[in-house]
Structure formats: structure tokens, C-alpha cells
Amino acid sequence: MNSRWSTRAARVRAGLSCARRFTVALVNKPSLLALWLLAVPLAASDADRPAAVRVVGANGAGCIAGVVALPTDGVGFQEIRIGHSTFWGHPRTIASLELLAREAHAAGLPDLYMNDVAARHGGPIPGHAGHEIGLEADVWLDVTPKPALPPAMRDDLEPPSVVRPDGRGVDPIIWRPAHATLLRLAAGLPDVERIFVNPAIKRQLCETAAGDRGWLRLIRPWYGHAAHFHIRFRCPADQPECVEAAAVPPGDGCDATLQWWFDQLDHPAPPARPHPPAPLPPACRAIMAAPE
Ligand SMILES: [Zn+2]
């Protein structure tokens with residue numbers, strides 16, 4: 001269990017045992033006892049109640065209150081790069097990651113490696129253009145059996161790319177059907193908006209996926225993402241301040257839009273002019289300033 005929640009649970013337990021001692025002392029003073037019974041539970045619940053969930057803005061410029069943390073380990077997964085990653089997310093995001101790990105485990109896959117979800121209050125995190133509202137997460141494309149290493153020994157793990165160095169296909173030495181199984185399970189999670197993978201991975205899935213191919217629509221090609229994939233979940237229905245991304249186009253995406261990425265390898269477009277990051281919505285000021 002996460003240490004933050006362990007501490008909270010211990011505080012609640014301590015509060016309850018204090019409550020029992022005071023109950024004995026006050027039992028002969030009915031009016032005081034009635035007052036105490038009214039006041040104490042409210043005070044305890046105020047102190048221990050997690051912040052209400054509030055998602056503000058878009059994946060690339062936003063924040064979130066009411067996050068929970070992905071545990072360091074769980075059924076079918078291990079966190080890696082813990083010292084330089086952040087694992088807070090919307091409760092639904094964390095539940096979905098744990099569900100993916102359980103489903104992968106049930107399908108016979110080794111433990112998944114997971115890292116960056118979102119920061120404690122959302123907002124920008126180094127090395128990412130998104131991950132700002134607790135609705136995105138990175139899962140590594142590593143389907144090899146994994147030793148049970150202590151967290152400190154997972155800090156510098158760098159799982160290898162599954163894509164050939166020329167970017168035109170997956171690496172046949174590394175790619176396994178289990179990679180496709182993992183991506184299909186991820187695309188089948190509730191409320192997935194899209195999943196980013198390297199174009200070579202999308203092409204491999206387009207060429208090999210059999211049966212129902214509807215899930216391929218959610219697998220979208222993007223720069224990088226050759227060793228991990230990025231899951232983005234939809235805005236929760238009860239979050240009116242959450243800004244949804246533009247809709248994924250219809251179709252499986254195994255078309256000219258995918259070929260465009262490989263054409264770029266032959267005739268790369270000039271690099272886009274860097275633009276400053278979008279400012280956070282004003283409502284994020286209070287959320288970002290909240291205590292840890
Ligand atoms: Zn990501």
C-alpha cells in the first residue's frame with residue numbers, strides 16, 4: 001500500500017482508539033457525550049477525507065485535484081524509474097491501469113512496467129507534452145519475464161525499443177505476439193480515448209491483427225513511443241471543466257494517414273517552430289497551490 005494512505009489509515013485507527021477511551025470517561029455525562037458524538041466524527045472525517053476530484057483543462061495544459069497514487073507493485077505490474085517519475089492520477093485512471101495489469105497477468109503475460117501518470121496536482125511534468133490532468137499513463141512495451149527487484153533497483157531500467165533503428169518496422173528479434181495482446185487489452189479498457197505508439201508498431205498491428213479489428217482505431221501513430229505506449233482516457237462525465245481532445249477519426253487508421261509517417265522518413269518536413277507551452281487555466285492556481 002502507498003505510504004501516504006498507510007499513514008492516513010494509522011491516523012484514523014489512532015483516532016478511533018482515542019474515541020473509545022473518551023467514551024468511557026464521558027458515559028456518565030449524557031449532554032457532553034451527545035455533543036462529543038456530534039463533533040468528533042465530523043472533525044475526523046474533515047481531516048481525513050481526500051480532496052474532491054476536479055479535472056481542469058486539457059491534457060497539455062491543465063491540473064487535477066483528488067488524485068490517488070498507483071501502488072509501487074500490484075498484481076501483474078511493477079513501477080519503474082520511481083525516483084524520476086510521478087504516479088498520481090484520477091482514481092479511474094489508476095483503477096484502469098490496475099485492471100490492465102490484472103488482465104495481462106490473466107492472459108499469461110509477465111509483469112508490466114509502468115511509469116509516469118501525473119504530478120500530485122497535475123500540471124507539466126518534465127519530458128512530456130501531456131500527462132497534466134491525471135488521465136494519461138505510460139506503460140512499457142516489455143513482455144519479458146521480470147525478476148522481483150526492490151524498487152531502488154528498478155530506478156534506472158530502460159526497456160529496449162521494439163522498433164528497428166530505421167523506423168520502418170518492428171524489430172523481429174524483440175517483437176512478440178504478446179506485444180499485440182497487450183495493446184489490444186489496453187485498447188479494450190473502459191473509457192480509453194486513444195493510445196499512442198510508434199508508427200512502425202501501428203503498421204505491424206495493421207498487418208497482423210486478425211478477427212475483430214475495431215480496437216485498431218484507438219491505436220494512433222505518434223513520434224517516439226518505440227519502447228512504451230501512452231494511454232489517454234476520456235474526460236470523466238462528471239468533470240465539466242475537463243477539455244476533451246479532438247475525436248479520433250473513423251476507420252482503423254491503417255490507411256494513407258499511417259503511410260504519411262513513413263513518407264516522412266524519406267522526405268522529412270522542416271521542423272516545426274517551437275511554441276511556448278499553453279498557460280494553465282486560471283482555476284489551476286488554487287489547485288496547484290494546495291498542500292501536498
Ligand atoms: Zn506518455
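The buried residues of helix H5 (199–208) pack against H4, E9, E10 and helix H6 (256–266). The model is a predicted one. H5 is mostly covered, with seven of its 10 residues buried. These are Pro199, Ala200, Ile201, Lys202, Arg203, Gln204 and Leu205.

Helix H4 (residues 177–187) was examined next. Its buried residues are His179, Leu182, Leu183, Leu185 and Ala186. Seen down the axis of H4, they fall within an arc of 160°, so they line one face of the helix. In an α-helix there are 3.6 residues a turn, so residues three or four places apart point the same way. Several elements cover the buried residues of H4. They include H3, strand E8 (136–140), strand E9 (192–197), H5, strand E10 (219–221) and strand E11 (228–233).

E9 and E10 pair in the parallel sense, over three bridges. Val197 stands opposite Pro221 in E10.

The largest nonpolar core has 55 residues. Those with the most contacts inside it are Leu112, Met114, Val139, Leu183, Ala186, Ile195 and Phe229. Helix H3 (residues 91–106) gives the most to this core, with five residues. In soluble globular proteins, nonpolar side chains tend to be buried together. Leu183 and Ala186, named among the residues with the most core contacts, are also among the buried residues of H4. Met114 was followed through its contacts. Leaving aside neighbours within four places in sequence, Met114 is in contact with Leu70, Phe77, Glu79, Leu97, Ala137 and Val139.

A hairpin is formed by E1 and E2, with two residues between them. Strand E1 (residues 54–58) and strand E2 (residues 61–65) pair in the antiparallel sense over five bridges. Val56 stands opposite Cys63 in E2. Four of the five residues of E1 are buried, so E1 is largely enclosed by the rest of the structure.

Over the whole chain, the protein has seven helices and 11 strands. Of its 292 residues, 32% count as buried. Among contacts between residues at least 6 apart in sequence, 76% join residues at least 24 apart.

The mean pLDDT of the protein is 86, and 83% of its residues reach 70 or more. Over residues 1–30, pLDDT stays under 50. For residues 1–30 the model has 15 contacts beyond four places in sequence. Over residues 32–44 the pLDDT is also below 50. Beyond near neighbours in sequence, residues 32–44 have seven contacts in the model.

Notes. Residues numbered from 1 in each chain as written. Predicted model: local features only at pLDDT ≥ 70, side-chain atom pairs only at ≥ 80, totals over all residues. Core = buried A, V, L, I, M, F, W, Y, C linked by C-beta atoms within 7 Å. Buried ≥ 20, exposed ≤ 12 C-beta atoms within 10 Å, placed from the backbone. Contact = placed C-beta atoms within 7 Å. Arc of directions from axis to C-beta. pLDDT = per-residue confidence, 0-100. Pairing = 2+ DSSP bridges.
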